[in-house]
Amino acid sequence: MTVSISQERGSEEPTPPPVTTTLPQRYNGPAKDGDWANYRETITSLYLDQNKSLKEVTRIMREEYYFFATEKMYKIRFNKWGLHKKLRAHQVAELLAQRGKRAAVGKTSVSFVHGRKIDSDRLSTYLRRVSPATWMELEAILAGKLEVSGAQKRSIENIICRTPSPDPGSPPMRIDAPDDLRLPEECMQLVQSYVSGAFEGSLWHTTLEGELVFPKRAKTWLDPVSSARQLFVNGFVGQGFHMVKVTFDEYGEVMSRQDPSLLVEVCLALGALLQSGPGLAESLLKYSLSLSRIVLGPGHPLHLLFARLQSASPADLTKCAGLIMQCYIGALRRNSQLKPTYLATLYRAMLNSDFIEVETARRRMQELLDDLEASAKAFASSAASSPDPVCVEETSSSSSSSSSSTSPPPSSASASDSLHRDVDMLRYHVSWLLNLHNAPTEAAAAARTLAETRSCGDRRVARFSCYNMLRTLRTSHAVGGDEAVAMLYRSLDICEADFGRGDNATVTLLATLHSYLRRAGRPKEADAVRAEFEARWAEVVDGEGEGTGDDTGSGAPITRRTA
C-alpha cells in the first residue's frame, strides 16, 4: 500500500518522493482459511523442515508470499494442524506402538509425523529427558487408560511408520554399529512386544483377581550371581568364576521356561556382573544372544533385545538395563497386578545395581505404600459391614457334596493380617531408603533384618537381607572390624540353620568372614574358616545343600572366640 503526501497546488517547492510503509504492495488483508490451506505446505516446510523460528516464518511469508498473519494466528493454526516442533506424549506413544509391532516381526522402521521424518535419535532424546509426569502420561496412553482428545487423534492419523527406502539422490549410508542413543527407544519397543506376546499367547497366567502368577522357587537363578560378586570382592576368584559358570549352565533351563521373572533376573545379573569385574557382563550378554537364538529363535523379541545391547558400553548397559526393567515393570502392571512387596524388592535391587536413583526408588515405593494403606482401610471398612466369608462358605457347604480336601477361602481376618503385613513391609522399605541407604551402619541394619525375618517364614526376604549385608559391609564405615566379625558369625549361624551348610549364601558368608578375620588380626580363626570354606565348597560344586536346613556337613564346627 502506498501513502502519498501531496503538496498544495501552486507551490514552488518540489514534490517530495512518496512515503511507503513496510507492507508489501499486494496487501489484501489478514490471511483467510483458504489462504492457510494454500500455503500450509510452505509454512510447514519453513517451520519444521528448515527449522525456522515463528518470527522468521512470519517475516518470510509476509515479504515473499504476501501472506499476512500475526504470530498468535500462526499458533492457533499450528495447534489446529497439530504442528509442533516438540514431540507430544500422544505422538510418542503412537510411534512406539507402531514401531514396536514392526520390530516384533523383525522389520526396521522409518517414522513420519505430519510428513516430517522422526529419526531414532530424536525419539531417544525425548525418552531420556521426559519428565516423570509426562512419562506417566505416556504409560497411561500406551495402556489405554488415558483417552486422547479429538485434536490429538487427528495428529495421530498423520503418523506413519514404514520400511525405509533408499534415496537415489543421497550417498550410500555408512554401516556402523548401532548408535547407543537409539538403544532406549529400541529396547522399549522390544520389551513391549515381548510382554504383549507372552500374555496374548497365554505364556503367562493371572489369578481370578488379575494377579500375575510366578513359579514358586526357594532360590532365584540370580542367587549364584550374587554369590559370585561377593566371592570376587573377597579374593576367591576361582570360586567366583565357578559361580558364574553355574549361572551360565542354568541359564538354558531358565530361558526355555520363560517365566515372568526371566527378564528381571537377566537385568539384575548384568548389574551384579558389571560390579564384579570387566568383561563378565559382556560374556553373559554374548552367551544370552547365542542361547536365545537356539532356544527362542532369531525373531524373538528377547533375542533381538540382546542383539541391540551387544554394542553398549558398560555405562550405557547400566542405563539400558535400568530402562528395560522400568519399562518391563510398567508393561506387566498394565496387563496384570503385581504384589507391592515384590515391586518394592525389585526397586531395592535396581537401586543396588545403580539402575535408578534413590529419589526415584523412594517415590515409587511411597506410591505403593499409599495405595496399599488405602486398600487396607477400604478392606477394613468392608469387612466391618459384611459377614466373614468363611461363615458363608461353611453355611453353603453344609448342604453340598464338595470334597473335604478343598480348602476354604481365607477368612477376612487372615486376609486383613496379610494386608497389614504387606503394609508393614512397604513401610520398612521406605524407611530404609530414607534413613539407612548408604548410611555408615547399613550392613548392621541388614544383619538385624536377617535375624528378624526368620519368624516371618519368607526365606526370599532373608536371602535378600543376607546379600544386602554382604554388599554394604565394605561401605558401612561405622561398623568396626570386631563388630563386623561378630555380626558375620551371628549371620552364619542363621544361614546354616535356615539355608543349609552348603548353601550359596552360607558359603559366601564364610568367604567374607575369612577376609574380615584377617583384617581384624585373627589369623588362626581365619585359617580355620578358610579350611571350613574349602571343605564345604565341594558341596556347592556337587549341587548339594539346597537350603534344606540340615546341619550335616563335611567340615568340623568352626572354633570361635571373642575379640
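The protein chain has 23 helices and 5 strands. Helices (H or I, at least four residues) and strands (E, at least two) are DSSP runs, numbered from the N terminus. This is a predicted model: local features need pLDDT of at least 70, side-chain atom pairs count only at pLDDT 80 or more, and totals for chains, interfaces and linings use all residues. Residues are numbered from 1 along each chain as its sequence is written, and side-chain values use heavy atoms, with hydrogens and water left out.

User: Why is Q326 called buried?

Analyst: Buried means under 20% relative accessible area, exposed over 50%, partly exposed in between (1.4 Å probe, protein chains only). Q326 has a relative accessible area of 18%, so Q326 is buried. Q326 is found in helix α14 (residues 314-335). Across the protein chain, buried residues make up 45% of the 563 residues.

User: What makes the pairing of the side chains of Q326 and R364 a polar contact?

Analyst: The rule asks for a pair of N or O atoms within 3.5 Å; within protein, one must be able to donate a hydrogen and the other to accept it, and residues adjacent in sequence count only if both atoms are side-chain atoms. The polar contact between the side chains of Q326 and R364 is at 2.9 Å.

User: Which residues does Q326 touch, not counting residues up to four places away in sequence?

Analyst: Contact means heavy atoms within 4.5 Å. Q326 touches E139, M350, F355, I356 and R364.

User: What makes α19 roughly antiparallel to α20?

Analyst: Helix α19 (residues 442-452) and helix α20 (residues 459-472) pack at an angle of about 160 degrees, with their axes 8 Å apart. That angle makes α19 roughly antiparallel to α20. Angles under 35 degrees count as roughly parallel, over 145 as roughly antiparallel, 65 to 115 as roughly perpendicular and the rest as oblique. Axes are lines fitted to C-alpha atoms, for helices over the stretch in contact, and angles run from 0 to 180 degrees between N-to-C directions.

User: How do you know that α19 is mostly covered?

Analyst: In α19, 8 of its 11 residues are buried. Among them are E442, A443, T449 and L450.

User: How many bridges join β3 to strand β5?

Analyst: Two strands pair if DSSP finds at least two bridges between them. 4 bridges join β3 to β5 (residues 159-162), and the strands run antiparallel. The bridge partner of V110 in β5 is R162.
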